Amino acid sequence: MKSIIIYIAVFWSLMVITNEVIGQESIFTALVGDLKKADRFYANQSYSKASSLYKGLLQKDKDNEEILLKLANSYFFSNNMKLSAQAYNEYEKIAEEMPFEVMLRYASALQALGKYDEALVYLQQYSLSNPNNFEISKKIWQLQNINFLFEESVYFKVNPISINTTYDEIAPEIQGDQLIYASNHPKVGVIKRIEGTSEKPFFQRKM
C-alpha cells in the first residue's frame, strides 16, 4: 500500500513539472512567433503592424535592445515622431553606443517636435565623425539660426481651406483655374487599398 502511495505522489509530481515545462515552452513559442511576425512586417515596411507587436514583446522583455530599436524605427518610418523620440530615448539608456544613422533619426524626430537644442546635440555628435557631410552641416546651421529663420514667418499667415481634412493633402499645383493636389482620403468601396508603411489609403489625384 505504501509503495502505491509513493507511486501516485511521484506521478502527480511529474505531471506538475511537465505542465510547468509545457507552459513555459508555450509562452516561449508565442514570443518567438510574435517576434518573427513582427520582423516580417518590419521587413515588408508594414511599420504600424510591426510596432504593435514590438510594443507587446517589450512588455515581456523591456531591456531588449534590438526590439526597442526596431520599435523606435517603426514609429519613425510611420511618421509618429513623438513615440519614436520616446523609444529612441529609452534605447539610448540601455545601448552601449548609439549608431550614427540612429542619431540622425533621433535628431529628426526631436526637430519635428520642436526640440531644436536636443536635436542639435545629436547632429553635432554625428558631425564629429562626418565633418564633410554638407547636408548635416546645413541642418546644424539651420538649428543654430532657427530664430533668425523664423523671423520671416511673421509676414505670412496660413489658413486652412475647404479641401483640408484629417488625411494628407500634398503637392498642390495650379492648372488654369483649377487647383490640382494629391490626397490619401479613402475612397468609398468594397475593397480598401492601403499603403503598408503608414496603413493609410494610397494617394489619389484630386481637383
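Predicted model: local features only at pLDDT ≥ 70, side-chain atom pairs only at ≥ 80, totals over all residues.
The expected span of a helix is 1.5 Å times one less than its number of residues.

**View 1. Helix H6, end to end and inside out.** Take the 14 residues of H6 at 1.5 Å a residue and you'd expect a span of 20 Å. The end C-alpha atoms of H6 sit 21 Å apart, which agrees. The buried residues here are Ala119, Leu120, Tyr122, Leu123, Tyr126 and Ser127. Their cover includes H4, H5 and H7. As a reminder, residues three or four places apart on an α-helix point the same way, because there are 3.6 residues a turn.

**View 2. Tyr122 and its contacts.** Now zoom in on one of those buried H6 residues, Tyr122. Skipping anything up to four places away in sequence, Tyr122 touches Glu92, Met98, Met103, Tyr106, Ala107 and Leu110.

**View 3. The largest nonpolar core.** This core has 36 residues, and the members touching the most others are Tyr54, Tyr88, Tyr91, Met98, Tyr106 and Tyr122. H3 gives the largest share, with seven. Nonpolar side chains tend to be buried together in soluble globular proteins.

**View 4. Ser74, a buried serine in helix H3.** Ser74 has a relative accessible area of 0%, so it counts as buried. Beyond its neighbours within four places in sequence, Ser74 is in contact with Tyr42, Tyr47, Ala50, Ser51 and Tyr54. Tyr54 turned up in the previous view, among the core residues that touch the most other members.

**View 5. Ser84, a buried serine in helix H4.** H4 covers residues 81–94, and Ser84 belongs to it. Ser84 is buried too, with a relative accessible area of 0%. Leaving out neighbours within four places in sequence, the contacts of Ser84 are Ala72, Tyr75, Phe76 and Ala109.

**View 6. A three-stranded open sheet.** The strands run in the order E1-E2-E5, with antiparallel pairing. E1 (169–175) and E5 (204–206) are the edge strands; each has a single partner strand, so one side of each goes without a neighbour in the sheet. From one strand to the next, the twist averages 20 degrees.

**View 7. Where E2 meets E5.** E2 (residues 178–183) pairs with E5 in the antiparallel sense, over three bridges. Look for Ala182, whose bridge partner in E5 is Arg205. In general, strands of a sheet pair through backbone hydrogen bonds.

Technical notes
Residues numbered from 1 in each chain as written. Heavy atoms only, no water. Helix = DSSP H or I, 4+ residues; strand = E, 2+ residues; numbered from the N terminus. Buried < 20%, exposed > 50% of the residue type's maximum accessible area, 1.4 Å probe, protein only. Contact = heavy atoms within 4.5 Å. Core = buried A, V, L, I, M, F, W, Y, C linked by side-chain atoms within 4.5 Å. Pairing = 2+ DSSP bridges. Axes fitted to C-alpha atoms, helices over the stretch in contact; angles between N-to-C directions.
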